[in-house]
Amino acid sequence: MSEDAAIGIHDLSFATAQFVLTHATLAAENGYDVAKYHAGIGQRSMSVPAADEDIVTMAAAAAAPVVARHGADRIRTVVFATETSVDQAKAAGIHVHSLLGLPSATRVVELKQACYAATAALQFAIGLVHRDRAQQVLVIASDVSKYELGSPGEATQGAAAVAMLVSADPALVRIEDPSGVYTADIMDFWRPNYRTTALVDGRESVSAYLQAVEGTWKDYTEQGGRALGEFGAFCYHQPFTKMAYKAHRHLLQHCGHNTGAGEIARFIGHTTTYNTEIGNSYTASMYLGLASLLDNADDLTGQAVGFLSYGSGSVAEFFAGTVVPGYRAHLRSEVHRAAIARRQDIDYAKYRELHERSFPADGADHPVERETAGPYRLAGLSGHKRIYEPR
Ligand code: CAA
């Protein structure tokens, strides 16, 4: 792609939840050896939303600094990707649009395809900017990962939102053509409308993910993509950080490359720093991995990053991005680290109380206690409507 035509990620900001449950606390409660979590799945703690936090409050917290830095004049579209939507009809992004005071001359829409939707949002945003290079698109990925208490998935829960400003001449990462895409009808992970927790066939989901790695790579190669050796780093969807290691090993083996542990860590290690503390943030997870890579790796200028986005069900995409010269001046590394460090440690009882919470469905007024220290909060439910406010 010529530099004139470059479109990609101009700004990247994430937010996570108020509370944190460590895997040491979880292991002590459920009787597992904590090494299963730390070494086995590569997780040390998980973000847990406060009673007055959800995908909207995290999304607004992630996007506010992006709008503050760049203004809203050129943002004509907001695409909100989530699989933990708060309403079956209204796009969660409209609440964010309102909280951030974005202009009425904006289109706002919500996208869903499990953990893949943010990548669809990014690609659709690039298409819109191709049509009019003066416009910018605010892409937001926000999810709260929730499994049954005591289930194998419980240790992989987490919560975060990532906001990305997509524009021409991006300051961070140019997104390249082509993409390799892959769809297979599999019930590896799903959440029927009547459930608040996901259902998953754990083993099936891991092998479905690895199948998708092969499928996207095959299509990417057939579409004329880069050779494996051209990439300086790889950023995978991380339901748990060890999955990224499994996926990269699988890709290397598939391509007949060296699969030494050091070699794998060299290419993906920096992408897992944030996810190991935050847990699975579903559709935000791969982009949290990108934030982690940009914030923590040595200079990546000019390097190609391979992205593997996987969403159960399943849809996947492999694509490449190139890191833009001068990108470091635009990072939010300190704020990102502070968002993780400032979370309040909770004990198992508090975690369980939050996990089991739900609003009565009677349409009455249900105010929510003040817990979050974040900039936006869910004030309550009234007449079946969610009420949000700045804190
Ligand atoms: N010390 C060190 N390692 C240990 C250990 C110990 N004491 N005990 C176990 N381990 C290791 C195991 O050997 C295993 O490693 P390998 O995978 O390398 O073999 C690892 O820890 C996990 O152990 P188990 O397989 O016994 O764990 P489990 O069956 O209880 O759960 C899981 C694993 C099925 C992935 C479960 O976490 C799960 O269901 N997660 C949710 C689904 C998921 O994340 N799927 C991923 C693909 S789907 C996707 O990506 C979409 C999405 O976001 C959900």
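Which polar side-chain atom lies 3.3 Å from a nitrogen atom of the ligand? Some notes on that and the rest of the site follow.

1. Before the details: this is a predicted model, where local features need pLDDT of at least 70, side-chain atom pairs count only at pLDDT 80 or more, and totals for chains, interfaces and linings use all residues. Residues are numbered from 1 along each chain as its sequence is written, and side-chain values use heavy atoms, with hydrogens and water left out.

2. The atom in question belongs to Asp 33. Lys 36 also puts a polar side-chain atom 2.8 Å from an oxygen atom of the ligand, while Pro 152 uses a polar backbone atom, 3.2 Å from a ligand oxygen. Taken alone, the ligand exposes 1,000 Å², and the protein buries 72% of that (Shrake-Rupley areas, 1.4 Å probe).

3. There are 24 residues around the ligand (a heavy atom within 4 Å of it). Lys 36, Arg 203, Ser 205, His 237 and Lys 246 come nearest. By type, the shell divides into 12 nonpolar, 8 polar (Gly counts here) and 4 charged residues.

4. Helices H2 (34-41) and H6 (202-222) each give the shell at least two residues, and H6 has the largest share, with 5. Helices here are DSSP runs of H or I, at least four residues; strands are E runs of at least two.

5. Phe 307 and Phe 319 make a stacked one, 4.9 Å centre to centre with 10° between the planes. Phe 307 sits in strand E13 (residues 304-311) and Phe 319 in strand E14 (residues 315-323), 12 residues apart.

Methods:
A polar contact is a pair of N or O atoms within 3.5 Å; within protein, one must be able to donate a hydrogen and the other to accept it, and residues adjacent in sequence count only if both atoms are side-chain atoms. Rings of Phe, Tyr and Trp (its six-membered ring) pair if their centres lie within 6.5 Å; planes under 30 degrees apart count as stacked, over 60 as edge-to-face and the rest as tilted.
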